[in-house]
Amino acid sequence: MPSKPSKPSQTEAHQEPEAAAAPTTGAPPEARTATGPVRGRYENGLAVFRGIPFAEPPVGEARFAAPRPLRRGWDGVREAYDFGPPPPQESGFAGRTGQLTVPLGDDWLTVNVWTPAPDPAAHRPVMVWLYGGAYKLGHAGSPGYEASNIARDGDVVVVTVNYRVGIEGFAQLADAPANRGLLDQVAALEWVRENAAAFGGDPDRVTVFGESAGAGSVAALLAMPSARGLFRRAITQSVPGLFFSRELAADIAGAIAAEAGLRPTVADLSTVDPRELPTAGEALIPKTRQYEDRWGLAAHGDTLFAPVVDGEVLPTTPWQALAAGAAGEVDLIAGHNREEVRLFLALTGKLGKVTEAQARETLTRLTPTGVPDAEQAYRTAYPNVSLPDLSERAQSDWLFNMPSLRLAEAHASAGGRAYAYELTWPAPAYGGALGACHGLDIGLLFGTFAADLGNFLFEPEVSQETRDLSAAFRTAWTRFAHTGDPGWPRYTPATGRLTQLWDTPTSVAPYPEEPSRALWEQHEFPALPLLGA
């Protein structure tokens, strides 16, 4: 990778009435929730409340169980000044730390709220953010998710949610409910429905949005009966194609437990401190190739977790559910970044260093359904492109690009309102070598250019071009939350698959990666099976 260089408005179709902005002086803001009043702080012209519990701490008898409603409220006014503790999690991806500098504790299931004013009469749209992190990392209090810009610029209420990840949230155990992390998200959305008005929000205008594993979570929520009616709109930023069958997830959970000398049961796993248990998953990562004959594609990569198509909590994959009209009443934005996997290649030191032999192995492994020879198919679709670059494209197509596009197609095919986008603007750092890579959209959306991944993707001195694109990105998302229309045409095959291209300048055009779309057209992105089962 080259060395990092030295420092060098859309119109609303319908504008909501503007309520008074929060004062910056005087008594701290308060809001009365169903379990008691909370007191926040005024920051940057907003009222901000942090660390509000939406369920009982999932420890002790509640560990590995579905989230439990709070048994009782609190006496007096609860101070909501600080983020709640992060859920137990692994230390991070290769080359990127996931360590957090917040106090530890058991009260993992909390929400944070940014609002222009906690006025019950305001009826602002509510946007609920679900973080990514490969279903094994993440914390709503991460600096990159500081939501002031979205709430203030878009005149919306923003809620960020903590949910269980890794073994606590997604390991498939025979004596525990599946997809506990997703059930946490449902519980948080139920909290929003019950309490949004106290913060100036409209519980009938909720948009759930997320990136990467957060986008996969949003996609799963679209397919979950328990989430029906809890949100009106959804935005998925880079949906992963990884969903597991119950059998595969159970086999992986057994292997993780074995690393700790345990059985994959609630009784055994509960003997280990929640903060120590993730080390078993970390210890297994370097050994996953020995399971390739059983786990297939799940044996490649840095994560052992994904939503589980268990037939109950999650009856089918999101693509099957949307094609069958399961979320027909929900407006959807689905999109991806053009060079998604380039981030992971850079973080692991592989960018520009993939050999032809490695590229061939990748193309063989990621062959789309109905394509007998992926290498030849990609060479034909993209002539004059090197084999390593073709393998990079195939990885992006399989992991994020095509799952995202196919989600929009599935929704549109059932008559749903779907909008597609592709981020093609390259990350400014490293002379643009990272392209429009995974995670770039987070800094643009939140305007947090120096936090988390933003510190890696943006230059220290942020250009006006970057700020303008960031503002346009935010405007589209919040306009969608207000009206259901982000400002570009709906995605339908009948009208040319028109797609918003985020670049400078922005534009609308037929989906630009047509050769990839055609290659993957017959691929259904099924729940990955346990091979030989």
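Predicted model: local features only at pLDDT ≥ 70, side-chain atom pairs only at ≥ 80, totals over all residues.

First, the core. The largest nonpolar core has 170 residues. Those with the most contacts inside it are Met-224, Phe-231, Trp-295, Leu-457, Trp-477 and Trp-502. Helix 13, residues 387-413, gives the most to this core, with twelve residues.

Now the helices. Helix 4 runs over residues 213-223 and is mostly covered, with eleven of its eleven residues buried. Among them are Gly-214, Ser-217, Val-218 and Leu-222.

Helix 11, residues 356-365, has Ala-359, Thr-362 and Leu-363 as its buried residues. How do they fall, seen down the axis of helix 11? They lie within an arc of 95°, so they line one face of the helix. As a general point, an α-helix has 3.6 residues a turn, so residues three or four places apart point the same way. On the other side of helix 11, Ala-357 and Thr-364 are exposed. What do the buried residues of helix 11 pack against? Their partners are helix 12, at 374-381, and helix 13, and helix 13 is also the helix that gives the most to the core.

Last, the tryptophan. Trp-129 sits in strand 7, residues 124-130. Is Trp-129 buried or exposed? It is buried, because its relative accessible area is 0%. Leaving out residues up to four places away in sequence, Trp-129 touches several others, including Tyr-145, Val-161, Phe-209, Glu-211, Gln-237 and Phe-446. Trp-74 is 55 residues from Trp-129 in sequence, and their C-alpha atoms are 26 Å apart in space.

That is the end of my part.

How values were computed:
Residues numbered from 1 in each chain as written. Heavy atoms only, no water. Core = buried A, V, L, I, M, F, W, Y, C linked by side-chain atoms within 4.5 Å. Buried < 20%, exposed > 50% of the residue type's maximum accessible area, 1.4 Å probe, protein only. Helix = DSSP H or I, 4+ residues; strand = E, 2+ residues; numbered from the N terminus. Arc of directions from axis to C-beta. Contact = heavy atoms within 4.5 Å.
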